[in-house]
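Hi everyone, thanks for coming. Let me put the structure up, and then we'll walk through a few parts of it together.

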Amino acid sequence: MPKTPTLTYRPDIDGLRAIAVIIVVGFHAWPHEFRGGFIGVDVFFVISGYLISGLVLKGLAEAKFSFAEFYVRRIKRIFPALMLVLATCAVVGWFVMWAEPYAQLGKHIFAAVGFVLNFVLWREAGYFDTEAIRKPLLHLWSLSIEEQFYLVWPAVLLLAAKRAYNVAIITTLIAVASFLLNVALVDTHPAAAFFMPFTRAWELMLGSLLASLERIPGWSAESLAATVKMRRIRLVREIAGWGGIAMIAIALVLLSPGRAFPGWWALLPTLGTVLIILAGMEAAFNRHVLASRPFVFIGLISYPLYLWHWPLLSFAWQTWSRDPPRLVRDLLVALSFVLAWLTYKLLERPIRTSRVARPAVALIMMALVIGGTGFAIERGGGLPSRAANATGFVGSDFDSTFLKTFYEKTVSCTPASDNLEPGTLCQSVPGAVPRIAVFGDSHALVLYPGFVEALPGRNIVFLHTCAFPLVGLVETNRAFNGYCPAKTSEEQVAYLAGLDGLETVIFSFRGPLHLLGKGFGTGPQEREHDVVLEAANPEQRGLTQAQLFNFGLSGAIDVLERANKRIVIVLDFPELGFDIQDCLFDKPFHAKLADCRIERSTVEARQKDYRAAIEQIRLRHPGLEVFDTMPLLCDERYCYGIKDHHVLYLDDDHIGIYGTKMIGEKLAEFLVQKRAVRAP
């Protein structure tokens, strides 16, 4: 087996790795100071594309490239630290996590071992997706993309070499196609643009293109300088080095989770990285800063540091059920450095530098065991018998899988029509004429099961909005890859308006969030909400968010009333501001909440503008009926997550099994009283 050659070591690239990992760790530990720190992953992508392509191209040029040796080296480089972190997460999760998130962790362990976690996270994106901070392995999506690149790209380069294709041209074509796909999807399908290898490949291709150009005679910096009679090549290198780090710094300052990303913005950190690599060791920034001992040291441990830091922060948050104090986060980052150094010194470097292939076989076997463990955790539902029992409460009230079971087994959900996107229509009695529809976001999703149970034998349909019932507006929530074009909402409203036999449409949605644009409570996900309404008609662009809310909702009611549909708005459930599971289970260092309730005055303040907006709309539409959920979930002083030993909620703002049954029953009685439906 020919020995694959190695590249000339460049300490400045290790220093560039240090910058990448520092800003990623900073973004996760101190998000307000490092708002754009997620771009560190983009820097890593360019570096990986450059190094791996350079290694493969050199091996092919010298007829020494071996697939077997290449993948043995990848296994010895990637697997030791990864398997240690995955195993540690499985053990720590046993003690820290409830059943549902622990089951998800098991699925993520299994997917991480197979390097398909980015696909899993893409499929999970959307309503009821777990908060990012509750996913200890979330950061491994980028590692999955890199490994997918390692699996495919060497074969492409080998094929190109055998057929004498121009690698630079092939790389450029792939990069352009991938970049254009990224730009096309970043607004309409942001989760796909973020997680998919097809929309991220261009970043790796930038590094690959640089590596391929370096192997073409006449394309080195010195050759180009001589060609154009440029005598100041040193100045060019300085401009490239300092200009590259300036582009990364600008991206770090200007970008935030609220911006559409990757998109065009990703050009800043990626092209900046290309410039720094192109500048070379002769550039002052590379030589004196990146190649300095502190930066090189951090670069050498950057891989285990990247692996360790996020699980530590995630488990700390789940232990506190809120952001850990600044001092705790500082100490966890310090611990990440210690663990990274120990992992590099005692595990990664000894295995990577060994000259035999046997460690790779043992690592593959270990990966199979750890992946199988993750699969067993997921299939076992997170092993709920581990957790402290919610004694004193009705156990059947809390089942985090009830929605999945209901929508998969109780009702029939199929595409509403070929041209309605998104357009899944659920029916409680398929085949019967639907007289009632529930229409709205995830709050309608949890209301529907109890309402269906309250009116058995009737075909009640449910259509899930991508925003809330509206026309003429675009809604975005960048922090959660949320995008709802006006066309989608208008098609959904028009579909219900044209549904034969339909008499009553029930609107249910998280009104305060859509109106105010901000979440509620202390959780990181609630703080990150940034809902923005925009008018599709340029003449209405000057309206405020509250005016747009009224305009869009009233417009949807207009369309349905013209079709002789009766409209009922279910006023939103009180938002608790804390996760209901904090009331049910103890955690290490954190006892469950004693009072699972919130001051009613706090809820009223949160809903004040929303309720005023609904009242204005009711004055405009006299036939509109409004059903208030607050009297069912609150008394004069408090709104409750648990009442009379019954668990009312599923999380911090969605009602659970008992809550949906109680509200569904009262809503059915209300509609019968208002003669919006016939009595059973």
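So, to start: which cysteine does a disulfide join to Cys466? Keep in mind that what you see is a predicted model. The partner is Cys484, and the S to S distance is 1.8 Å. If the word is new to you, a disulfide is a covalent bond between the sulfur atoms of two cysteines.

Where do these two sit? Cys466 is in the loop between β4 (460-464) and β5 (473-477), while Cys484 belongs to strand β6 (residues 482-484). They are 18 residues apart, and the pair links distant parts of the chain. The link of Cys466 and Cys484 is right-handed, with 50 degrees about the S-S bond.

Now, are these two buried or exposed? Cys466 has 23% relative accessibility, so it counts as partly exposed; the cut-off for buried is under 20%. Cys484, with a relative accessible area of 1%, is buried.

Okay, how many disulfides does the structure hold? Four. Count the bonded cysteines along the chain and the pattern reads 1-2, 3-4, 5-6, 7-8.

Another of them joins Cys583 to Cys596, with S to S at 2.2 Å. Both cysteines lie in the loop between β9 (566-571) and β10 (597-599), 13 residues apart. Here we have 85 degrees about the S-S bond, again with a right-handed link, and both Cys583 and Cys596 are buried.

Then there's Cys634, joined to Cys639 with an S to S distance of 2.0 Å. That link is right-handed too, at 100 degrees about the S-S bond, and Cys634 and Cys639 are both buried.

Let's switch to helices. Helix α3 (residues 67-96) has 30 residues, so at 1.5 Å a residue it should span 44 Å. Its end C-alpha atoms are 41 Å apart, which agrees. Where is the kink in α3? Look at Phe79, shortly before the proline Pro80: the kink there is about 40 degrees. At the start of α3, a side-chain oxygen of Ser66 comes within 3.4 Å of the backbone nitrogen of Ala68.

Definitions and conventions. Residues are numbered from 1 along each chain as its sequence is written. This is a predicted model: local features need pLDDT of at least 70, side-chain atom pairs count only at pLDDT 80 or more; totals for chains, interfaces and linings use all residues. Side-chain values use heavy atoms; hydrogens and water are left out. Helices (H or I, at least four residues) and strands (E, at least two) are DSSP runs, numbered from the N terminus. The expected span of a helix is 1.5 Å times one less than its number of residues. The bend at a residue is the angle between axes fitted to the seven residues ending there and the seven starting there. A polar contact is a pair of N or O atoms within 3.5 Å; within protein, one must be able to donate a hydrogen and the other to accept it, and residues adjacent in sequence count only if both atoms are side-chain atoms. A disulfide is a pair of cysteine sulfur atoms within 2.5 Å. Buried means under 20% relative accessible area, exposed over 50%, partly exposed in between (1.4 Å probe, protein chains only).
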